[in-house]
Amino acid sequence: MNQKANLQDYFLNRRTIRTYSQQEVPEEVIDRLLLLASHAPTTGNMQLYSAVVSRTPDEKQLLAPCHFNQPQVEGASVVITFCADFHRFSIWCEERNAEPCYDNLQSFMAAALDTIAFAQQFNTLAEMNGLGVCWLGTTTYNAREIAGILRLPRLVVPLITLTVGYPAEEGTDVGRLPLDAIVHRGHYNDYTGTDINRLYEEKESREDSRNFVMENGKETLAQVFTDIRYPRANNELFSEKFMDFLSESGFLPEEG
């Protein structure tokens with residue numbers, strides 16, 4: 001199989017890994033992958049991110065409740081918290097007789113985009129080098145608590161957490177929407193009910209999706225998301241928490 005085919009096979013068949021072997025991932029392996037990932041695209045070549053590597057059982061145990069005690073946090077060899085970071089750049093400005101002006105939403109968005117690109121590049125590189133990775137979407141839910149544990153200074157906000165280790169499972173194929181569900185030509189083409197039925201047919205008809213609906217006592221897969229997984233009350237609670245933390249971190253004006 002040629003290199004192009006190998007790449008296509010990787011991307012089409014990649015899996016999230018939540019269960020890891022007891023084999024530790026060497027520090028030099030993580031450092032090499034982080035170095036390679038740091039060549040991801042970045043805003044103005046500022047590299048507005050930092051990564052905090054948690055490796056000891058105590059470090060992972062402290063972080064686990066912030067991620068609702070998902071077992072992969074303590075089960076992984078390494079937990080990496082990727083942070084939007086304008087703190088380091090601002091200190092550099094001050095040390096070079098330049099006045100930093102990055103305590104605002106636009107600056108946070110620039111740092112957030114840099115962080116996402118860095119984290120995703122690391123994710124891909126790690127998987128291509130035989131490691132298993134799980135992307136935790138819970139980091140911003142408890143950003144203040146994570147920041148306290150990791151001793152993050154002002155203008156540093158945790159955004160993404162990856163658990164990393166040697167796989168002890170193959171992972172599950174969760175499927176994806178067809179390309180015409182997400183790609184628009186020339187302008188955004190809105191969806192009719194007929195379009196939605198067609199585009200979500202495969203997703204809703206999967207056995208795991210049907211089981212998901214049944215286990216949660218719902219009528220449709222959409223209800224599992226709106227009523228169970230991401231209900232309004234939780235969305236509003238965590239939105240308020242995160243906005244408050246952004247203010248405390250210096251990226252939004254404090255109220256009052």
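This is a predicted model: local features need pLDDT of at least 70, side-chain atom pairs count only at pLDDT 80 or more; totals for chains, interfaces and linings use all residues.
Ser21 touches Tyr166, Pro167 and Ala168, leaving aside residues up to four places away in sequence.

- Ser21 is found in the loop between α1 and α2, the latter spanning residues 27-37.
- With a relative accessible area of 26%, Ser21 is partly exposed, because that class covers values between 20% and 50%.
- The side chain of Ser21 reaches the backbone nitrogen of Gln23 at 3.3 Å.
- Ser21 and Thr43 are 22 residues apart in sequence, and their C-alpha atoms are 37 Å apart in space.

**Salt bridges**

- Lys241 and Glu145 meet through their side chains in a salt bridge, at 3.2 Å from N to O.
- Lys241 lies in helix α12 (residues 232-249) and Glu145 in helix α7 (residues 143-150), so this pair ties together parts that are 96 residues apart in sequence.
- Glu145 counts as partly exposed, at 33% relative accessibility.
- A salt bridge also joins the side chains of Glu202 and Arg206, at 3.9 Å from N to O.
- Within this pair, Glu202 counts as partly exposed at 41% relative accessibility, whereas Arg206 counts as buried at 15%.
- Lys218 forms a salt bridge with Asp227, and the closest N and O atoms are 3.2 Å apart.
- Lys218 is partly exposed at 26% relative accessibility, and Asp227 is likewise partly exposed, at 39%.
- Asp180, Asp195 and Arg198 are linked in a network of salt bridges.

**Aromatic rings**

- Phe89 lies in helix α5 (residues 87-95) and Tyr102 in the loop between α5 and α6 (105-128), so the pair ties together parts that are 13 residues apart in sequence.
- Phe89 is buried, its relative accessible area being 15%.
- Tyr49, Phe82, Phe118 and Phe122 are linked into a cluster by ring pairs.

**Nonpolar surface patch**

- Leu7, Phe11 and Met128 make a nonpolar surface patch of about 280 Å².
- Of these residues, Phe11 is found in helix α1, which comprises residues 3-13.

Key
Residues are numbered from 1 along each chain as its sequence is written. Side-chain values use heavy atoms; hydrogens and water are left out. Patches are made of residues with over 30% relative accessible area and no salt bridge: like charges are joined within 9 Å, nonpolar side chains (Val, Leu, Ile, Met, Phe, Trp, Tyr) within 5 Å. Accessible areas come from the Shrake-Rupley method with a 1.4 Å probe; for residues, only the protein chains shown count as cover. A salt bridge is a side-chain nitrogen of Lys or Arg within 4 Å of a carboxyl oxygen of Asp or Glu. Helices (H or I, at least four residues) and strands (E, at least two) are DSSP runs, numbered from the N terminus. Buried means under 20% relative accessible area, exposed over 50%, partly exposed in between (1.4 Å probe, protein chains only). Rings of Phe, Tyr and Trp (its six-membered ring) pair if their centres lie within 6.5 Å; planes under 30 degrees apart count as stacked, over 60 as edge-to-face and the rest as tilted. Contact means heavy atoms within 4.5 Å. A polar contact is a pair of N or O atoms within 3.5 Å; within protein, one must be able to donate a hydrogen and the other to accept it, and residues adjacent in sequence count only if both atoms are side-chain atoms.
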